[in-house]
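User: I would like to go through the side-chain pairing and helix packing of this model with you, step by step. Please give the cut-offs as we go.

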Amino acid sequence: MGDVDLNDIEVFCAVVDHGGFTAAAKVLGLPTSAVSRRVSRLEDRTGFQLLRRTTRKVAVTESGRIFHERTRGVPEQVREAVAAMSAAKEAPRGTVRVTAPPDHGGIIWALVAPFLQIHPDVDLELTHTLERVDLLEAGVDVAIRGGPAPDTSVFTAHQIFDSRLLLAASPAYLARRGTPERSEDLADHDGVCMDPWAPNGLRQVRGEGAPVRVDMRSRLRANSLYTAQRAALAGLGIAPLLELTCRDELAAGQLVEVLRGALPDHAPMWVLSPLGRTRSAAATALVAAIREAAAAIASP
């Protein structure tokens, strides 16, 4: 048996349902000769005579009757299946796997919450990590990451934030230990530092003439911005923080920036997805929602 064309099945069923080639041709909008040719091709490919033709009428053979009973709904089922797949592709639904840094100040939650509210058919599987996960290998659809611009030969990427890095401490700490006037003064202070490999790891600061290596006692070393900021608020030391995540505390006077401009880097954040995998409608919608939410957060 050769490959069977679904269009030929549809034509054959129309001939049976409407009692002849001419009637089927009118319904299908095809020439009668094309209808006859398609039925003949179907018989050739199945290896069975499906219709018995005479000058006056068309009769269905036993093989044709069986074939008609088993296949009459197939073309429509296929169309419905294709339509359903198209709808699934267009309408956000299913599970989206996401990686993001540990949340701080509710920033990550604020990026994804609006999406979850307006897309009830989508579930998020969100993993917080600072590790550079291989997105393809881990099956991750969308990642939120800080750091340098991603490799666009590997990712599709959109920058969502570019926060200034700053040094801050609580008023209580500064009242107790004094306010550093020069970068070199940091040697006499306690720090709340991130791991060196983290985006805001404190390694060196700008000095008056050259970069100054930071050599502070670290009262707390953590890879969570939230933990570092809470420690600074508790008066444990001077912490490198993101302006984006501590601007409310700065405005309220709960934290005080010191040595403005000492940190040389900004900390951009990106939303990206891996090339090499077709992005689902849900993942595409999530990326768009994150970009929109980020714009609102950056311009309160």
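User: With which residue does R97 form a salt bridge, and how far apart are the closest N and O atoms?

Analyst: This is a predicted model, in which local features need pLDDT of at least 70 and side-chain atom pairs count only at pLDDT 80 or more, whereas totals for chains, interfaces and linings use all residues. Residues are numbered from 1 along each chain as its sequence is written, and side-chain values use heavy atoms, with hydrogens and water left out. A salt bridge here is a side-chain nitrogen of Lys or Arg within 4 Å of a carboxyl oxygen of Asp or Glu. By that criterion R97 forms a salt bridge with E125, and the closest N and O atoms are 3.0 Å apart.

User: Which strands does the pair R97 and E125 link, and how many residues apart are they?

Analyst: Strands (E, at least two residues) and helices (H or I, at least four) are DSSP runs numbered from the N terminus. The pair links distant parts of the chain, with R97 in strand β3 (residues 94–100) and E125 in strand β4 (residues 122–128), 28 residues apart.

User: Is R164, which meets E243 in a salt bridge, buried or exposed?

Analyst: The side chains of E243 and R164 meet at 3.3 Å, N to O, and the pair links helix α10 (residues 243–252) with strand β6 (residues 155–169). Buried means under 20% relative accessible area, exposed over 50% and partly exposed in between, with a 1.4 Å probe and protein chains only. E243 counts as partly exposed because its relative accessibility is 29%. With a relative accessible area of 16%, R164 is buried.

User: How many salt bridges does the structure hold?

Analyst: One of them pairs E184 with R182, where the closest N and O atoms are 3.9 Å apart. Salt bridges that share partners also join D5, D8, R38 and R41 into one network. The number of salt bridges that the structure holds is 14.
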